[in-house]
Amino acid sequence: MLSYDAKDVYLVLAGEGSITVSDGVGAARTIAVSGTPNAYPILTNPRQQAGQVSILLSPGLQAYDLTFG
């Protein structure tokens, strides 16, 4: 579980697989990942807010950087 205070949350990922993202409010969602390092939006909000997000990576993925917008 990661805490944030932002409008958007991005994770730089590479490899082949998927991540499952849950913010504890709505249903969990799965994002397919393929290829070289790229920033994937894992959480978007209409305005800045504080919260927590849980991220589960499948085997075969590399996570490099968590960024906020």
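Residues 24 or more positions apart account for 71% of the protein's contacts with a separation of 6 or more, where contact means heavy atoms within 4.5 Å. This is a predicted model, in which local features need pLDDT of at least 70 and side-chain atom pairs count only at pLDDT 80 or more, while totals for chains, interfaces and linings use all residues. Residues are numbered from 1 along each chain as its sequence is written, and side-chain values use heavy atoms, with hydrogens and water left out.

Read along the sequence, the pattern is β-β-β, with 0 helices and 3 strands (strands are DSSP runs of E, at least two residues; helices are H or I, at least four; both are numbered from the N terminus).

Now for the inside. The largest nonpolar core has 14 residues; such a core is a set of buried Ala, Val, Leu, Ile, Met, Phe, Trp, Tyr and Cys residues joined through side-chain atoms within 4.5 Å. Strands β1 and β2 (29-57) each give two or more residues to this core, and β1 gives the most, with 7 residues. Buried means under 20% relative accessible area (1.4 Å probe, protein chains only), and 28% of the 69 residues count as buried.

D8, in strand β1 (residues 2-22), is buried as well, with a relative accessible area of 11%.

| Residue | In contact with (heavy atoms within 4.5 Å) |
|---|---|
| D8 | L43, T44, N45, T67, F68 and G69 |
| L13 | I19, V33, T36, P37, N38, Y40, L57, Q62 and A63 |

Terms used:
Buried < 20%, exposed > 50% of the residue type's maximum accessible area, 1.4 Å probe, protein only. Lists of a residue's contacts leave out its neighbours within four places in sequence.
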